[in-house]
Structures are given as C-alpha cells and as structure tokens.
Amino acid sequence: MSASRPAAVIVLAAGEGTRMKSRTSKILHELAGRSMVGHVLAAAGELEPERLLVVVGHRREQVVEHLARVAPEAVPVVQERQGGTGHAVRMALEQVGELPGTVVVTNGDHPLLRGATLAELVRVHESEGNAVTVLTTEMPDAAGYGRIVREGDGAVAAIVEHKDASAEQRAVREINVGMYAFDGKALADALRRVTTDNAGGEEYLTDVVGILRGDGLRAGAFLVGDWVETQGVNDRVQLAQARRQLNDRILEAHMRAGVTVVDPGSTWIDVQVVAEPDAVVRPNTQLHGETRLGEGCVVGPGCTLTDTVVGAGAVVVNAVCESAEVGPEASVGPFAYLRPGTRLGRKAKAGTYVEMKNAQVGEGSKVPHLTYVGDAEIGVGSNIGASSVFVNYDGVSKHRSVIGDHVKVGSDNMIVAPVSVGDGAYTAAGSVIVKDVPAGAMAVARGQQRNVEGWVERKRAGTPSAEAARRARQDGAGGE
C-alpha cells in the first residue's frame with residue numbers, strides 16, 4: 001500500500017534553543033546550504049501535504065521572514081507561550097480547524113530527516129490502520145530517551161520516560177524520536193483531553209498516545225534503521241556533527257552517481273549542487289548554492305564556487321567564483337576570482353591572479369595573468385596582456401568596454417571605459433587607451449622615452465647603482 005497525501009505536516013519550531021547561544025533562531029542556523037528548518041521543510045514537501053504548518057514562537061519575526069523566502073507555501077502558527085509539544089499542535093489545529101486524514105508532526109531542528117522516512121511513516125500508519133504511529137529508532141546508548149514498550153503484536157503499549165523506566169525497560173534500545181503520524185480527527189479529540197498535570201506544567205504530545213490507547217485505538221511504531229537520521233540539533237557541537245553527517249551523505253550520493261571526490265574529508269558540497277558523471281572534485285573544495293558541474297570538468301584543489309556553472313571539460317584551480325559561468329573546456333586559475341556576471345566562453349581562460357566582474361569573454365579568448373576585467377565584453381580569440389586593468393569606474397558610475405575579435409591588448413594597458421577596441425586591432429604595451437581603436441589599428445598611448453645620460457652618478461653618488469654605472473662606463477670607454 002502506498003501512502004496517501006497527508007492532510008497536513010505540522011513542524012514544531014517555537015523553541016528558544018538557548019543552548020545555541022545565538023541571536024539567530026536555532027532553526028535558522030545553516031548546514032549544506034539550507035537552514036535547519038529548511039531541510040525539514042524540504043523533507044516534508046516530498047509528501048506533498050495539503051497543508052504545511054510551522055509553529056513559531058521564539059524569535060518568530062526571523063522565522064516568519066525566512067519562511068516567506070524559502071517556503072512561501074508554509075503557514076506560520078504562533079505559539080504565544082511555551083506550553084509544550086501538545087499545546088503547540090493544539091495551537092495549529094485551532095488556527096486551521098480539524099484536519100481529516102493523516103497529520104504528520106515533526107520537529108524543526110532535525111535537519112538529517114529524509115523525506116522518504118516520513119513517507120514510510122505515513123505508509124505504515126495507514127496500512128496498519130493506526131490512530132497514531134510513533135517514529136522510533138534504536139540508539140547505541142538510549143540513556144535519557146523515552147523507551148518504546150511494545151505488545152506481542154508489535155503495537156505500542158506505552159512510551160516510558162527514562163527516569164520512570166524499570167531496569168528491564170531501560171534495557172530497551174528502541175526510543176521515541178518525537179515525531180508522529182496521527183489520524184487527524186482522533187488527534188483533535190485527544191488534544192482536548194491532554195492535561196498539564198506534570199512537573200513541567202505543560203501539554204505533552206506523548207500523552208496523546210496514552211489517551212488514544214485508552215480509547216481502544218491502536219498505536220503503532222515505525223522503526224528507522226539509521227539512528228543518526230533522527231538526531232536533533234541543540235547546540236553548535238551538534239550542529240557541526242550534523243553538518244559533517246549531512247555532507248558525507250551528499251558526497252556519497254554524488255560519488256555513487258559517477259562523480260570523483262578525491263578527498264571527501266576536505267570537500268564540502270551543498271544539497272542543491274548538481275554534478276554530472278565524470279566530474280572531478282579535488283581536495284579543499286567547497287561548492288555552494290546552485291553550483292552545477294558539467295561532465296568531465298575538474299574543480300580544485302582549493303576552490304570555492306557559489307551559484308556557478310562549470311561547463312563540460314573545464315578546469316578550475318585554486319579559484320573563487322560567485323554567480324559566474326565557466327564555459328566548456330575553459331580554464332580558470334590558479335588564484336583567480338570570478339565575480340557575479342562573469343561568463344567565459346568555450347576554451348576561454350582567466351588565468352593566474354585575474355579578477356573579473358560582469359565580464360563576458362568570448363570563445364578562445366585569454367586573460368592569462370595579473371589583470372582586472374570589470375564591466376567588459378571581450379570577443380573571440382583575443383588576448384589581454386599581463387598587468388592590464390579595465391578602468392570601469394569614474395568615481396560616480398560604472399562604464400563598459402568592448403574588445404573585439406582577435407584583438408591583442410599589450411601588457412600593462414589601462415582600458416579606460418567607455419571605450420571600444422575594434423576587431424583585429426593591437427594596443428602597445430604600457431598604453432592608456434581612452435579613445436576607441438579602429439579595427440586593424442595599432443594604438444600607442446604612452447609618453448615618448450627620454451634617457452638622461454649620467455643622471456645616476458650625478459644624483460645618486462655613492463650608491464651601489466652609481467658605482468655599477470661608473471664601472472660600466474669605464475669598461476665601455478676602455479673597449480674603445
């Protein structure tokens with residue numbers, strides 16, 4: 001039996017998260033390119049629920065603004081006071097009304113949770129006809145967790161907190177993860193009967209399980225095989241652990257899909273990154289955002305790419321690229337910086353210590369070294385000499401330069417925008433180009449050299465330079 005579309009997924013995200021010691025809401029801390037709650041919402045979204053509700057409380061303004069950006073379909077539900085998990089779910093139901101069908105309850109601080117796990121929870125819940133199905137796992141060390149006590153037919157008899165468990169019950173390694181699938185009508189009815197008669201004075205969702213059992217309804221459980229997936233994040237140490245675990249999962253998926261990751265220990269890839277087969281990722285590389293690697297490209301070592309497209313067969317070495325496009329068979333680096341709006345054509349090159357911003361470089365064109373290209377268009381087959389600068393800013397506005405096809409720009413040129421250099425033109429080394437250069441012309445824009453004979457011996461007497469000049473002069477005179 002396949003799972004149906006749930007009536008709702010309710011994400012509990014109202015906690016204070018004090019152990020994170022942060023001005024940012026705990027669930028907004030990021031790993032692998034998404035916030036914690038973003039990962040949970042992505043997993044929940046795989047179920048295609050009719051409603052996606054997020055219960056918010058602490059730092060709600062931050063959370064609501066974030067939801068509007070990353071999951072506009074999610075409806076925030078305000079929990080004014082921290083009244084427990086049962087109270088949080090009750091607030092959601094009071095806002096939207098009774099939810100006939102399956103209602104899934106999960107937590108906003110479980111970023112490793114998979115959508116497939118929630119889908120299987122729903123499938124088991126509906127196939128067994130349960131009023132509630134508890135998500136469980138077996139922990140290597142279950143100390144501190146609520147234990148699952150089962151009946152002979154596998155149904156859940158009780159959830160016993162660690163402090164209340166007998167020695168026999170403490171030996172049980174199956175624990176309550178804190179996520180559930182409910183029958184919506186049964187949940188609403190049971191929540192009305194949950195009390196605050198406990199040490200914390202709160203309404204606990206675990207009490208709903210006992211209430212439904214008391215009504216003669218079945219409580220089941222779905223055991224998750226990978227206990228790591230079920231772990232929540234409460235502090236920065238656990239956040240780092242979750243980041244490592246999630247990154248390992250992402251890297252494994254890429255490698256099994258045909259991508260070579262030379263050193264997984266030093267490679268970090270965000271969840272939205274796409275890589276084609278035979279792409280190679282070398283050590284100390286980070287791929288962020290919606291970066292895409294083409295077939296057979298090589299990225300690294302030492303690269304940080306964000307929202308960047310790397311074409312098939314391209315090579316990017318020791319580079320930082322942001323919102324850039326590297327064409328097929330192009331090369332970047334080492335030690336290059338491609339800023340937003342940069343596009344390299346097929347077999348183009350941005351070489352050593354080259355920075356580009358909002359620049360288009362045509363097929364086969366090269367910017368080999370020590371150059372800044374900003375707000376420019378370079379045609380096909382052109383070459384930009386070393387130590388050249390595209391002077392794009394006049395102190396008030398940015399201006400654009402255009403370099404034509406098969407142009408040779410000499411070393412140490414200043415291309416002062418707005419200016420254009422026509423197809424096939426040359427510019428002399430050391431020139432400051434402030435006027436358009438016609439196609440096929442040679443532009444020379446530099447002062448004429450003048451040699452002042454004897455200046456060093458007169459003006460720098462006593463220096464090693466003056467002594468070297470004197471010896472050279474005497475040696476030359478002796479040769480005559």
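In this briefing a residue is called buried when its relative accessible area is under 20%, exposed when that area is over 50%, and partly exposed in between, with a 1.4 Å probe and protein chains only. The model is a predicted one, in which local features need pLDDT of at least 70 and side-chain atom pairs count only at pLDDT 80 or more, while totals for chains, interfaces and linings use all residues. Residues are numbered from 1 along each chain as its sequence is written, and side-chain values use heavy atoms, with hydrogens and water left out.

**Annotated positions**

- An unreviewed UniProt entry gives the annotation "binding site" to A386, N392, Y393, S411, A429 and R446; UniProt positions are in the numbering used here, feature names are shortened, and annotations may be inferred rather than shown by experiment.
- Under "active site", the unreviewed UniProt entry lists H369.

**A386 and H369**

- A386 sits in the loop between β29 (383–384) and β30 (389–391), where strands (E, at least two residues) and helices (H or I, at least four) are DSSP runs numbered from the N terminus.
- Apart from its neighbours within four places in sequence, A386 is in contact with H369, L370, T371, S411 and D412, contact being defined as heavy atoms within 4.5 Å.
- H369 belongs to strand β28 (residues 366–378), and H369 counts as partly exposed because its relative accessible area is 37%.
- When residues up to four places away in sequence are not counted, H369 touches T352, Y353, V354, A386 and S387.

**R446**

- R446 is placed in the loop between β37 (442–443) and α9 (455–459), and with a relative accessible area of 51% R446 is exposed.
- Leaving aside neighbours within four places in sequence, R446 is in contact with A428, A429 and G430.
- The side chain of R446 reaches the backbone oxygen of A429 at 2.5 Å; a polar contact is a pair of N or O atoms within 3.5 Å, where within protein one must be able to donate a hydrogen and the other to accept it, and residues adjacent in sequence count only if both atoms are side-chain atoms.

**Helices α6 and α7**

- The axes of helix α6 (residues 184–191) and helix α7 (residues 206–214) come within 9 Å and cross at roughly 105°; axes are lines fitted to C-alpha atoms, for helices over the stretch in contact, and angles run from 0 to 180 degrees between N-to-C directions.
- The two helices α6 and α7 are therefore roughly perpendicular to each other, given that angles of 65 to 115 degrees count as roughly perpendicular, under 35 as roughly parallel, over 145 as roughly antiparallel and the rest as oblique.
- On the α6 side the contact is made by A186, L187, A190 and L191, and on the α7 side by V208, I211 and L212.

**T291**

- T291 is found in the loop between β16 (285–288) and β17 (292–293), and T291 is buried, with a relative accessible area of 0%.
- A polar atom of the T291 side chain lies 2.7 Å from the backbone oxygen of H288.
- Beyond its neighbours within four places in sequence, T291 is in contact with Q272, V273, V274, L305, T306, D307 and T308.
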